[in-house]
Amino acid sequence: MWYNNILETIGNTPMVKLNKIVKDIPATVLAKIETTNPGNSIKDRMALKMIEDAEKNGKLKPGGTIIEGTSGNTGMGLAIAAVIKGYKCIFTSTDKQSKEKFDALRAFGAEVIVCPTNVDPEDSRSYYSVSSRLEREVPNSWKPNQYDNLSNSQAHYEQTGPEIWEQTEGKITHLVVGVGTGGTISGTARFLKEKNPAIQVLGIDTYGSVFKKYKETGVFDKNEIYPYITEGIGEDFLPQNVNFSLIDHFEKVTDEAAALMTREIARKEGIFAGNSTGSAVAGVLQMKDRFKEGDVVVVIFPDHGTRYLGKMYNDDWLRDRGFLKDEKLTARDIIAKKENQEIITIDSEKTIIEAINTIKTLNISQIPVTQHGNIIGKITESDILDALLENPSLKSQPVKNITTAPFPFVELNTSIDKITSLINKDNIAVLVTDEQGKMEIITQYDIINAIS
């Protein structure tokens, strides 16, 4: 048997029992693994549904351009369908999304426009506003508007809900889903509650999002809105796809808990999933008192871990945000063990002979080069030697004539492993700014001194 094109492989994703990570929960906890869709996310389902419905009602015409604001996964689903169906794609997204998501979209020929995160949805710079403006300006274009397009939730009513009901043989008691556009949770919940109104639907929200308070109070509180790191869930407005009457409870999960749980899932269950999956499983553990023996809890795992390699799966990214605390030395530890001495720099207009004298007098091997007080590069003993061997008369020339690229800057939380990887024959040191704003230099000697 074969499929006529990749779009026919969307759906019918597997259900997998979780074991180690939920060992303290008496219920059976099942993961609906949506990473097996061709775009590696659950968004393939609703992307194709929105396109097919737009074709039927004439909003999307042959050779048209699809323009959408997306955090990446919906864009991937739209881009794959566009390749098969012959459409162009322009996507707007926010600068908090992982680079891997943008790279994946561009791999399918889509144009990606990155917009600032920390602006209101109504701001002309927001990714919502930019996509709407482009739809008005680009001929023969169509904006799916995944947040308010009810084809989104309908896709899950027609597909995801029935699959879960069949796979659990109707035994599901709880559905746990991260809430972003609201399509997945609302469409799936509608189907399941029609089958069994007693099924509890639990939405996962993040701090900085408005959903939980709105559900509990009916108040849209702008004071609830602030920047957050977790991707794929939470919003600062109320999408039409979020049907609050179908959601029994919202559980908020911190950025830190979501990020660390994302890694734990890979290490304890062997499932390589994304950031919103970490939020969902962390939420399940926070809600463990809701579950009893005999319950069947289904958790949607929306997307794949490859889109978060530079974030949740990167130790230094986690350390920079204070999420990962381990025993490895960091830049902060190394400079704390250094002798307290001022970093030596040299102005770019000083002569090479002055640099030589400084190196001899202070018995150092490298000097950062400054211009108007800012570091613009470096010179080392080998730089000077190479230059003078080629032209001895350069001694009276300014240092800027032989300045090379500056030493890399690192954060205080950067691990010793990362620092060591940056120090090589071309970069014999790194720079770091301490908590008082004072610049420090870290050399191989400093690293050896710190670990000895």
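1. Is Thr443 buried or exposed? Thr443 is buried, because its relative accessible area is 15% (buried means under 20% relative accessible area, exposed over 50%, and partly exposed in between, with a 1.4 Å probe and protein chains only). The residue belongs to strand 16. Leaving out neighbours within four places in sequence, Thr443 is in contact with Gln366, Ile423, Ile428 and Ala429 (contact means heavy atoms within 4.5 Å).

2. On the source: this is a predicted model, in which local features need pLDDT of at least 70 and side-chain atom pairs count only at pLDDT 80 or more, while totals for chains, interfaces and linings use all residues. Residues are numbered from 1 along each chain as its sequence is written, and side-chain values use heavy atoms, with hydrogens and water left out.

3. Overall, the protein has 16 helices and 16 strands (DSSP runs numbered from the N terminus: helices are H or I with at least four residues, strands are E with at least two). The C-alpha trace spans about 85 × 55 × 50 Å along its principal axes. Of the 452 residues, 54% are buried. Among contacts with a separation of 6 or more, 69% join residues 24 or more positions apart.

4. The largest nonpolar core has 27 residues, and Leu18, Val176, Phe291, Val299 and Phe301 touch the most other members (a nonpolar core is a set of buried Ala, Val, Leu, Ile, Met, Phe, Trp, Tyr and Cys residues joined through side-chain atoms within 4.5 Å). At least two residues of this core come from each of strand 2 (28–33), strand 8 (200–206), helix 9 (255–269), helix 10 (275–286) and strand 10 (296–301). Helix 10 gives the largest share, four residues.

5. Val176 deserves a separate entry. Beyond its neighbours within four places in sequence, Val176 is in contact with Leu202, Ile204, Ala280, Val284, Met287, Val297, Val298, Val299 and Ile300. Another core, of 26 residues, lies apart from the largest one and includes Tyr87, Phe91, Val112 and Trp142.

6. In helix 4 (residues 127–137), the buried residues are Tyr127, Tyr128, Ser129, Val130, Ser131 and Leu134. Their cover includes strand 3 (65–69), strand 4 (88–94), strand 5 (111–115) and strand 6 (141–142).

7. The largest pocket has a volume of about 720 Å³. A pocket is found on a 1 Å grid over the protein atoms alone, as an open set of points where a 1.4 Å probe fits, with protein on both sides within 12 Å along at least five of seven lines; lining residues have an atom within 4 Å of a point. Grid points are joined across faces, edges and corners, and the volume is the space filled by probe spheres set on them. This pocket lies between domain 1 (6–41 + 158–320) and domain 2 (43–142), because both give residues to its lining; the bounds come from an automatic or database domain assignment.

8. The largest pocket has 45 lining residues, with Lys96, Tyr228, Ile233, Gly234 and Glu235 nearest its centre. Helix 7 supplies the largest share of the lining, three residues. By class, the lining has 17 nonpolar, 21 polar and seven charged residues (Ala, Val, Leu, Ile, Met, Phe, Trp, Tyr, Cys and Pro count as nonpolar, Asp, Glu, Lys and Arg as charged, and the others, Gly among them, as polar).

9. The second largest pocket has a volume of about 580 Å³. Its lining has 20 residues, and Lys338, Gln341, Ile364, Thr443 and Asp446 lie nearest the centre. Strand 12 (366–371), strand 16 (439–443) and helix 16 (444–451) each give two or more residues to this lining.
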